[in-house]
Amino acid sequence: MDEEHEDITCCHRITIFHPTIRNMLITKPVIQYFDRVTWANLFDITTYIGIIVMTWAVLYFLFDKTMIPNNDGFGLYFLAIFSYCLGNFFAIIPYVKLPPTLGMLIAGLIVRNSGLYNICEELGVTTTAKIRTFCVTFIMIRFGLQLSFTSLTKNTMFIIILAIVPSSIEILTTTVYCRFILSFHWDWSFMTGTIISGISPVVIMGTLLALVEQGYGEAKKLDTILCIAACIDAVYIIFLFVICFSIVFTTDEYKNKWWLFISIRLRDLIVCILMGIFLGICFIFFPHRSHRHVDRYRVICLVLGSLMCTTGISKISISGVGYLSTLMLSFISITGWKILSHKFDSANLRRIMHTLWKIAQPILIGVMGADIDITLWTLSKFGLHLFCILIGLMGRCVTAYSVAWSISSFTWKERLFLITASVPKGTLQAALGPLAYEQLRNNEGNEEFEMALDIVRLSVLTFFLAPIGYFLMNYIGPIFLEKITEEQRQKERELSYLRILSLLPESSKNQE
């Protein structure tokens with residue numbers, strides 16, 4: 001009891017302080033009538049402030065004047081810190097359950113439109129593009145690690161159909177709308193459809209994991225099905241976007257010689273896939289699974305190999321193809337690790353990647369928000385853009401319900417829950433939305449520049465679907481999904497591990 005009591009005191013062993021300070025419980029509120037803010041919260045806030053100040057000091061000593069206020073380095077640092085703080089503030093608001101990405105986007109909008117920091121003028125197109133590439137690479141690694149070979153083999157056709165068919169319908173619906181309502185060219189319309197149709201695996205996975213911890217969603221493996229389908233959807237969207245982006249920004253010579261264009265793009269695609277497979281196989285064996293710090297080195301290899309793909313391939317090919325290499329690399333690596341190790345646990349890898357994503361996320365979303373000038377929006381355009389997103393989403397939801405209807409084991413409540421998983425967006429839009437705008441930033445005033453700017457505006461609006469989907473999934477999940485006991489959950493996880501062992505040679509299974 002004494003040790004338990006000591007763990008929640010301020011500084012029980014340091015006797016130079018007054019007993020009131022030494023024995024003060026950190027679980028008590030700072031203000032008597034406001035019990036939400038405790039001394040423990042105050043310790044946390046002080047720690048965060050200290051880390052922020054020390055980080056700035058280190059950056060100042062390294063980069064000198066660029067980290068002084070009103071300079072570009074300080075502006076980017078302030079943007080990242082403000083995005084992180086506002087995003088976490090949104091996440092802790094009780095009962096509302098807003099995703100942090102919404103707060104990060106709003107932080108970027110505030111910084112840009114209040115005149116505090118203009119990222120376009122301070123950093124330039126090249127630097128912001130590199131920042132975005134680094135951040136999106138971490139997203140792709142997480143998607144690849146989330147893919148499960150055993151889940152794919154068990155529900156192959158249903159997962160593939162659920163991932164591809166609703167997305168395709170939304171792409172076609174959005175394409176037709178952009179062509180005839182927004183007056184885009186056909187190639188630009190298809191590219192816009194691929195960007196807007198991508199759902200957010202980050203929001204979906206986070207929400208589903210929270211529901212699974214409460215026992216919901218594991219009875220019929222809805223959590224696994226939706227996570228895998230969301231990842232495949234991301235791969236499918238990126239693949240189509242790369243093709244559309246290549247068509248839009250290729251030279252007139254290649255557009256006329258379409259057979260030459262197709263051969264070049266197929267070559268790029270094959271090179272990316274082969275590079276991802278090669279690196280993935282290498283990372284299965286190096287470092288060795290018996291290494292003392294194997295998880296750390298695996299993460300280092302994943303990050304460096306993925307960044308090499310995304311940055312290196314962009315030098316010789318169209319931007320975006322390298323992300324497919326990253327997905328392939330991560331998926332092959334984690335599948336091999338599971339097969340080689342009898343008791344492989346990916347929790348450490350996911351925890352490290354989650355920490356890296358926590359650092360990259362506020363920069364990515366904040367930079368996108370700071371790239372938007374609200375004064376350029378008009379009310380009429382806002383209505384057209386909003387209707388474009390909603391009509392495409394409606395097509396996706398109807399198709400998703402129809403696809404789920406083919407599985408007789410799903411109840412009508414579970415099918416409705418599948419629809420709510422089609423709502424969250426924002427992650428892929430943050431990654432892909434500004435790419436066309438960056439290509440034409442120096443060509444202001446022409447028709448293509450206006451279309452690129454409209455794509456960015458559409459991408460920003462999709463962020464507001466994230467809190468709506470987040471709220472719907474958290475609210476509807478406990479009502480519509482079947483809850484299982486802790487014993488049933490443990491049994492299912494043991495069976496899942498046995499399925500992994502079924503991929504091992506017979507001698508290994510006998511040893512186990």
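Asp-64 sits in the loop between helix 3 (39-63) and helix 4 (72-91). This is a predicted model, and in it the phi of Asp-64 is near 60°, a positive value in a residue other than glycine. Most residues other than glycine have a negative phi, and most peptide bonds are trans. At 42% relative accessibility, Asp-64 is partly exposed.

Ser-183 is the next item. Its phi is near 60°, again positive in a non-glycine residue. Ser-183 belongs to the loop between helix 9 (156-180) and helix 10 (186-197), and at 47% relative accessibility it counts as partly exposed.

On to peptide bonds. The one from Phe-286 to Pro-287 is cis, with omega near 5°. Pro-287 is in the loop that runs between helix 14 (258-285) and helix 15 (294-316).

Now the rings. The whole structure holds twelve aromatic pairs. One of them is Tyr-177 with Phe-387, tilted, 5.8 Å centre to centre and 50° between the planes. Tyr-177 is in helix 9 and Phe-387 in helix 18 (residues 379-405), so this pair ties together parts that are 210 residues apart in sequence. Tyr-177 is buried at 7% relative accessible area, while Phe-387 is partly exposed at 46%.

Tyr-401 and Trp-405 make a tilted pair too, at 6.0 Å centre to centre with 40° between the planes. Both lie in helix 18, four residues apart, about one turn of the helix. Tyr-401 is partly exposed at 23%, and Trp-405 is exposed at 54%. Arg-415 lies over the face of Trp-405, 4.4 Å from the ring centre.

Elsewhere, Arg-179 lies over the face of Phe-180 at 5.9 Å from the ring centre. Trp-56, Tyr-60 and Phe-61 form one aromatic cluster.

Technical notes: Residues numbered from 1 in each chain as written. Predicted model: local features only at pLDDT ≥ 70, side-chain atom pairs only at ≥ 80, totals over all residues. Heavy atoms only, no water. Helix = DSSP H or I, 4+ residues; strand = E, 2+ residues; numbered from the N terminus. Buried < 20%, exposed > 50% of the residue type's maximum accessible area, 1.4 Å probe, protein only. Phe/Tyr/Trp six-rings, centres within 6.5 Å; stacked < 30°, edge-to-face > 60°. Lys NZ or Arg CZ within 6 Å of the ring centre and 35° of its normal.
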